[in-house]
Each structure stands twice: as structure tokens, then as C-alpha cells.
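Here are my notes on the strand pairing and the helix packing. Please read them with the model open.

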Amino acid sequence: MEFDSYEYQFLMTGIPPGYRFEPTDIELLQDYLWKKVNGDPLPYNIISECEIYGNQDKEPWNVFIETSTETFYVFTKLKKKGKGKNIDRVAGCGTWKGQKTDPIMYEKMKIGNRKLFVYEVKGSNEGVKGHWIMHEFSLVDEEDKQIGDYVVCSIRNKNAKDDTDDEEPPMKKMRFNSEDHNPPEPTSSASPLQTLFSDWS
């Protein structure tokens, strides 16, 4: 039995055709990363685990689709340099260079970090295929220490151009999040966020 691309998308991710995956920072932390680090089932299969750091063939254009205008979401494990706290961010012929870090807040409490990175090729810009940027999302505890080894990253090529944007139907611009999928009722009266943050307290 064969499926077209739209049927395949729905079967693999549970996201209906015509929707885009555009989670908020809170949704990425609560519904995906928190469950990932705790080994709980994820609501959808749209975020896969991917190793983005390493010396061989880890340039972003070798890992992701160079010409795509989409944002790619992946879980990855951070690798420390030796026994120190610094993270090894070498990726092929270049490195992911940190630009800034912003706190992610919920009800005046810091629950995570959003870090911005730009991919830079060592030595020169020759051979660079696009302008790749990454946002890295991590969970933190009350002492601002990272929770778990995993982070979730959103990566895209800013130089990619989509010639079909003008032909895209309006439905494609609709936002999709976990509330649209009618998740099962919680077993307790507390909301998922209340349960999440009570675990941190």
C-alpha cells in the first residue's frame, strides 16, 4: 500500500496536512524536552534525536536539507570538553558560535535558557552553504543548572529561498500545538504546568 506525502506526514507525526509545527518556548520545554529527559512518551514524532556535533560530515548542510526554508527541530546530547564544563561545539569544518543567551520565564520563575548560535567555518567563508542559525533550548533547576544531558535545537538556513511561498494555501500558515490534538485528560486536577513546576520545587 502506498501513501502520498500528506498521508505519510500524518502517519509519521500525527500532524494533519495543512499545519506547521510552530511550538512556543514553553511548549518545547514542557511537552517535549521535559518528557525526553525523563523518558516519558512524546506527544508527536516530529522532533527526532540527531547528533549535530562532531568532526566528520557534521556541517549543517550535510545534516539538514540545505535548500529548505523550514526550521528543523532535533534533540541532541551536549558533549563536554574533557572534564571541564565547556561544551564541544565543533561541527565538521566549522563550529557553532554562541551569540547570546536569553532566559525562558514562567510566572516570574526561570525554567530554561534559549541560546542563539551561528555556524562559522574555520579559516574562511569559502565553501559555506548558507547562513545557518540555531536556537538551543535547555531546562534548568532552581540553581540555574541544566537538567539532563539533552537539549532541543531549532536550526534553519536563513539564505534558503522558497519559490513556492506565493502559491502556498492560507491553511499552511495555521499554527499547530499540543492543544489542537485533544490530549487525554490528566489523571489529577493539577494542570500539566502546575505538575511540571511542582516537580522542580
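1. Strand β5 (residues 94-106) pairs with strand β6 (residues 109-121) in the antiparallel sense, over 12 bridges. Pairing requires at least two DSSP bridges between two strands. Strands (E, at least two residues) and helices (H or I, at least four) are DSSP runs, numbered from the N terminus. Thr95 stands opposite Glu120 in β6. The hairpin of β5 and β6 has two residues between the strands, and Glu107 there takes a positive phi near 50°.

2. On basis: this is a predicted model, where local features need pLDDT of at least 70, side-chain atom pairs count only at pLDDT 80 or more, and totals for chains, interfaces and linings use all residues. Residues are numbered from 1 along each chain as its sequence is written, and side-chain values use heavy atoms, with hydrogens and water left out.

3. β6 also pairs with strand β7 (residues 132-139). The sense is antiparallel, over seven bridges. Lys115 has Glu136 in β7 as its bridge partner.

4. Strand β3 (residues 72-77) and strand β8 (residues 150-157) run antiparallel, joined by six bridges. Lys77 has Tyr150 in β8 as its bridge partner.

5. The whole sheet is open, with seven strands in the order β2-β3-β8-β7-β6-β5-β4 and mixed pairing. β2 (48-49) and β4 (90-91) stand at the edges with a single partner strand each, so one side of each lacks a neighbour in the sheet.

6. Helix α2 (residues 25-37) lies across β2, β3, β5, β6, β7 and β8. Helix α2 runs at about 65° to β7. Axes are lines fitted to C-alpha atoms, for helices over the stretch in contact, and angles run from 0 to 180 degrees between N-to-C directions. Contact means heavy atoms within 4.5 Å.
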